[in-house]
Amino acid sequence: MRKLLLATTAIAFGYSGAAPAFAEFNDRNIRVSNGINEDHPVGNGIKAMQACLDQKSGGKLKLTAFWGGALGGDLQATQALRSGVQEAVVTSSSPLVGIIPALGVFDLPFLFANAQEAYTVLDGDFGDMMNEKLEAAGLVNLAYWENGFRNLSNSVRPVTKWEDFEGMKVRVMQNNIFLDTFQNLGANATPMAFGEVFSALETKAIDAQENPYVTIDTSKFFEVQKYVTETNHAYTPFLFLFSKPIFDSYTPEEQAALRECAVVGRDEERKVIQDLNKKSLEKIKEAGLEVNTLSAEEQARIREKSMVVYEKHKAEIGAEVVDAILAKLEEIRK
């Protein structure tokens, strides 16, 4: 009888030890705004993050994703986070430069040579420093997801060195750093709405455009272009941002689960987007386009040529931010 009582007591203690695991979680519906569509790799990341949250919270923390800007544009959604009226948004860094000028550092040309460099910087001390700036603006960055590298396609010539940009009419986003980057290389940088790009390439109103491989593929730019160069001239992260006023109202266990599961989602999203880029590149090659990459020596040369753009925009981004990322990259490349 005494043994049975002890066993029963031990089981009771076992359950009482396990029960609080979910007791620290509340039922929460977390609205996540996205500018992209559900079939983007961010969708895979959201699913992986939700599976992780289900395990950690016993199903209490639920993500409800709104795709294609259903809750407004990325900037509008981000402002809603700062006001504490919406929980989360997955957004690229570029639209937020007006709120946090330091994010302009990710628009600087030829910053990262490859994805691993970007991951090392973003997931380390430099990323933490940027996260502090985001928190000061009322935003908690749970993890850096991936939008990816932009590459050049054109109908004029293979680009193997910066001199090959000379006179080339390149469509760019309405972004001063992008405009300065291509003008500095001798190109005729032309801002244009994305929806106009295909017909402008087809009619030769412009010679070239720059986007990730997936965009070149899905937008069928390969039908009206002859050459693709893996320039890796710009790497844009996605940020999984949470409203700081709302985040601060959550329990420590909820906060920890969100941070940990955002990293799980990040790893899945990065993997899927890398795989998708490889598939898109194969489709571009199969379409008959000539594809080349810039040599390491030319990457270094073109980066040096682009330092004038860094200097021009250093003050508005923040000298300490530009110096910190360059120092980190120099350390990585040793």
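**Helix packing in a predicted model**

**View 1. Helix α5 against helix α14.** Helix α5 (residues 115-122) packs on helix α14 (residues 319-333) at about 125 degrees, with the axes 11 Å apart. That angle makes α5 oblique to α14 (under 35 degrees is roughly parallel, over 145 roughly antiparallel, 65 to 115 roughly perpendicular, the rest oblique). The crossing of α5 over α14 is right-handed. Glu117, Thr120 and Val121 of α5 touch Ile325, Lys328, Leu329, Ile332 and Arg333 of α14 (contact: heavy atoms within 4.5 Å). Four of these contact residues are nonpolar, one is polar and three are charged.

The model is predicted: local features need pLDDT of at least 70, side-chain atom pairs count only at pLDDT 80 or more, and totals for chains, interfaces and linings use all residues. Numbering starts from 1 along each chain as its sequence is written, and side-chain values use heavy atoms, without hydrogens and water.

**View 2. Helix α3 against helix α11.** The axes of α3 (residues 41-57) and α11 (residues 252-286) come within 7 Å and cross at roughly 150 degrees. The two helices are therefore roughly antiparallel. α3 passes α11 in a right-handed crossing. Contact residues include Ala48, Cys52 and Leu53 in α3, and Cys261, Val264 and Glu268 in α11. The contact divides into 14 nonpolar, three polar and four charged residues.

**View 3. The buried side of helix α4.** In α4 (residues 74-82), Asp74, Ala77, Thr78, Ala80 and Leu81 are buried (under 20% relative accessible area, 1.4 Å probe, protein chains only). Their arc around the axis is only 155 degrees, so they lie on the same side of α4. They pack against β1 (28-34), β3 (88-92), β4 (139-154), β8 (227-243) and α10 (244-247). Just after α4, Gly84 has a positive phi of about 80 degrees.

How values were computed. Axes are lines fitted to C-alpha atoms, for helices over the stretch in contact, and angles run from 0 to 180 degrees between N-to-C directions. Helices (H or I, at least four residues) and strands (E, at least two) are DSSP runs, numbered from the N terminus. A crossing is left-handed if the near helix is turned anticlockwise from the far one by less than a right angle, and right-handed if clockwise. Ala, Val, Leu, Ile, Met, Phe, Trp, Tyr, Cys and Pro count as nonpolar, Asp, Glu, Lys and Arg as charged, and the others, Gly among them, as polar. Buried means under 20% relative accessible area, exposed over 50%, partly exposed in between (1.4 Å probe, protein chains only). The arc is that of the directions from the helix axis to the C-beta atoms.
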